[in-house]
Amino acid sequence: MKELFKAGDFKVHVFLVKEDHLASFEDGPVHPVCSTFVLAREMEWSSRLFVLDICDANEEGVGTMLLINHKSPAFMGEEVVVKAVFRSLVNNELVCDIEVSVEDRLVAIGETGQKILSKEKISQIFTSLER
């Protein structure tokens, strides 16, 4: 694992809200806005951008925590900016603060956590839990 970043460093990821990003369940559409599920995925991806730089070839990140606090909606067709701010890398756990916005409007804030483990260790963990 490489220690390349310091508190305050950031990565930015941008996505466009599409129809398949809208809030819905098996029984149909709920709201014509970006779903919490999609926000979660995009927030995790923004912090994974750090993981891609940090990991050695034999390592991978595993999600440990995700917190989303909605502030306003993101509507279909809007460009959403997801900013991951490096908070810490203690032992092997990366923690990022996340800010999601559309132009000047704050959509959500949150946090992500990911542990950096060897691919072998991850495989051992998964194998030990398989049924």
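Start by selecting Lys83 and Phe10: Lys83 sits over the face of the Phe10 ring, 4.4 Å from the ring centre. For a charge to count as over a ring, NZ of Lys or CZ of Arg must be within 6 Å of the ring centre and within 35 degrees of the ring normal.

Before you go on, know that this is a predicted model, where local features need pLDDT of at least 70, side-chain atom pairs count only at pLDDT 80 or more, and totals for chains, interfaces and linings use all residues. Residues are numbered from 1 along each chain as its sequence is written, and side-chain values use heavy atoms, with hydrogens and water left out.

**Stop 1: the patch**

Together, Phe10, Val12 and Val14 make a nonpolar surface patch of about 260 Å². Patches take residues with over 30% relative accessible area and no salt bridge, joining like charges within 9 Å and nonpolar side chains (Val, Leu, Ile, Met, Phe, Trp, Tyr) within 5 Å. Areas come from the Shrake-Rupley method with a 1.4 Å probe, and for residues only the protein chains shown count as cover. Val14 is in strand 1; helices (H or I, at least four residues) and strands (E, at least two) are DSSP runs numbered from the N terminus. With a relative accessible area of 41%, Val14 is partly exposed, a label for values between buried (under 20%) and exposed (over 50%), using a 1.4 Å probe and protein chains only.

**Stop 2: the aromatic rings**

Now select Phe5, Phe50 and Phe86, which form one aromatic cluster. The whole structure holds three aromatic pairs. Phe5 and Phe86 have ring centres 6.0 Å apart and planes at 40°, so this pair is tilted. Rings of Phe, Tyr and Trp (its six-membered ring) pair if their centres lie within 6.5 Å, and planes under 30 degrees apart are stacked, over 60 edge-to-face, the rest tilted. Phe5 is in the segment before strand 1 (10–16) and Phe86 in strand 5 (residues 79–90), so the pair ties together parts 81 residues apart in sequence. Is Phe86 buried or exposed? Phe86 is buried, at a relative accessible area of 5%. Phe50 and Phe86 also pair, this time edge-to-face, at 5.5 Å centre to centre and 65° between the planes. Phe50 is in helix 1 (residues 36–54), 36 residues from Phe86.

**Stop 3: Lys11 and its partner**

Asp53 is in helix 1 and Lys11 in strand 1, 42 residues apart.

**Stop 4: two further salt bridges**

A search of the whole structure finds eight salt bridges. One of them joins Lys2 and Asp56, whose closest N and O atoms are 3.4 Å apart. Another is Glu78 with Arg105, at 2.7 Å between the closest N and O atoms.

**Last stop: the hairpin**

Finish with strand 2 (residues 22–25) and strand 3 (residues 28–34), which run antiparallel and are joined by four bridges; strands pair if DSSP finds at least two bridges between them. The two strands form a hairpin with two residues between them. Zoom in on Ser24 to see Pro29 of strand 3 opposite.

How values were computed. A salt bridge is a side-chain nitrogen of Lys or Arg within 4 Å of a carboxyl oxygen of Asp or Glu.
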